[in-house]
Amino acid sequence: MSRSLSLYMDERRKIVEDALDRFLPEPGGQYSRLTQAMRYSVFSGGKRLRPILAIAAFEVVGGEGNTVLAPACATELIHTYSLIHDDLPAMDDDDLRRGRPTCHKEFDEALAILAGDALLTLAFEIVTEKSVLPPECAAAVVRELAGANGYSGMLGGQAADIAMEGEPPDIGAIEYIHGHKTGAPLAAAVRIGAIAAGAESIDLERLTAYGERIGLAFQIADDLLDETGTAEEMGKAVGKDRDRGKMTYPVVVGAESAVIRAQDLVDDAIRSLDAYGERVWALAGIAQFMVDRRN
């Protein structure tokens, strides 16, 4: 990662962290254990890629001010909820996340479920109650978040991922799983940044193409890291996907072809934003970072 991109991401991560701290309830009072679990999971060292993507898209299409901040933070709250539930024994049954005990290990399963639910609902609350978006823009952001993360998006992809465990390799199935489970939420993060800036339909089309491609590339990179990464790098157990018979890109097409496919997707994503010239440097750098990362 270049020094300028690293600085860009660090600065925007700090803005997002500060906003999340304001949006989340304080860990005290009648609901202290629940709010502790929410904060424990949100402030566990994430990269904040989704909110940073929202901010970068906002900037590319000329957005100014802080209207993107609540929608951007909403993407992180929903992402964190999905990770809490993904780690549960009924799902991936993980003990570690980012090098720390998962929420259900640090607290308990019931509280982890409730903390995930609370973060999901808080995401919509801050878009509608805490943002400075015009009402029609706030409604559009809610539609994007709901569609990308609901039964026709992330949850549908997760259900397909579970259903296809142990099935014969199928490129169509893996593209469906990755496109819905990971691609849809990432594309939505990019799109809501543009929506918050009042972007035109052509901007949304270009940024959607970018978001869908980097979403798929990101998940391919995750698949490869589960095969080649170490537990120290990843902050969690590795090799579990293959052990469970999950359908991943390295399993379906081989590791070498998966690397090529991920890079092709990144290149296509960046080309989809050619109309914006040099303004896309941050989005281009983030796309490349997604496949070059080691955790």
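Predicted model: local features only at pLDDT ≥ 70, side-chain atom pairs only at ≥ 80, totals over all residues.

Q: Which residues of H15 are buried?
A: In H15, the buried ones are Ala 282, Leu 283, Ala 284, Gly 285, Ile 286, Ala 287, Phe 289 and Met 290.

Q: How many residues does H15 have, and how far does it reach?
A: H15 covers residues 281-292, which is 12 residues. From its first C-alpha to its last it reaches 16 Å, close to the 16 Å expected at 1.5 Å a residue.

Q: How should I think about a nonpolar core?
A: Here's the general idea: in soluble globular proteins, nonpolar side chains tend to be buried together. In this model, the largest nonpolar core has 85 residues, and Leu 53, Leu 77, Tyr 210 and Ile 286 touch the most other members.

Q: What does Ile 286 touch, leaving out residues up to four places away in sequence?
A: Ile 286 touches Leu 5, Met 9, Leu 49, Ile 52, Leu 53, Ala 56 and Tyr 210.

Q: Let's do a helix pair next. At roughly what angle do the axes of H3 and H9 cross?
A: They cross at roughly 40 degrees, and the axes come within 7 Å. H3 passes H9 in a right-handed crossing. On the H3 side, the contact is made by Arg 50, Leu 53, Ala 54, Ala 57 and Phe 58. H9 brings Leu 186, Ala 189, Val 190, Ile 192, Gly 193, Ala 194 and Ala 196.

Q: Now H6. What covers its buried residues?
A: The cover includes H1, helix H2 (32-42), H4, helix H5 (103-106) and helix H7 (135-149). Among the buried residues of H6 are Leu 111, Ala 115, Leu 119, Leu 122 and Ile 126. H6 itself runs over residues 109-130 and reaches 30 Å from first C-alpha to last, close to the 32 Å expected at 1.5 Å a residue.

Q: Which residue caps the N-terminal end of H6?
A: That's Asp 108: one of its side-chain oxygens lies 3.2 Å from the backbone nitrogen of Ala 110.

Q: And what sits in the loop between H6 and H7?
A: Ser 131 lies there. Its side chain has a polar atom 2.6 Å from the backbone oxygen of Val 127. The side chain of Ser 131 also reaches the backbone nitrogen of Leu 133 at 3.5 Å. Not counting residues up to four places away in sequence, Ser 131 touches Ala 70, Pro 71 and Ile 126.

Q: Why does Ser 131 count as buried?
A: Because its relative accessibility is 18%, and buried means under 20%.

Q: Is Asp 87 buried or exposed?
A: Asp 87 counts as buried, because its relative accessibility is 3%. You'll find Asp 87 in the loop between helix H4 (69-86) and strand S1 (96-97). A polar contact of 2.7 Å joins its side chain to that of Arg 97. Leaving out residues up to four places away in sequence, Asp 87 touches Asp 93, Asp 94, Arg 97, Thr 102 and His 104.

Q: What is the phi of Arg 98?
A: Arg 98 has a positive phi of about 55 degrees, although it is not a glycine. This residue is in the loop between S1 and strand S2 (100-101), and it counts as partly exposed at 27% relative accessibility.

How values were computed:
Residues numbered from 1 in each chain as written. Heavy atoms only, no water. Helix = DSSP H or I, 4+ residues; strand = E, 2+ residues; numbered from the N terminus. Buried < 20%, exposed > 50% of the residue type's maximum accessible area, 1.4 Å probe, protein only. Polar contact = N/O pair within 3.5 Å; in protein donor to acceptor, adjacent residues only side chain to side chain. Contact = heavy atoms within 4.5 Å. Expected span 1.5 Å × (residues − 1). Core = buried A, V, L, I, M, F, W, Y, C linked by side-chain atoms within 4.5 Å. Axes fitted to C-alpha atoms, helices over the stretch in contact; angles between N-to-C directions. Left-handed = near helix turned anticlockwise from the far one by under 90°.
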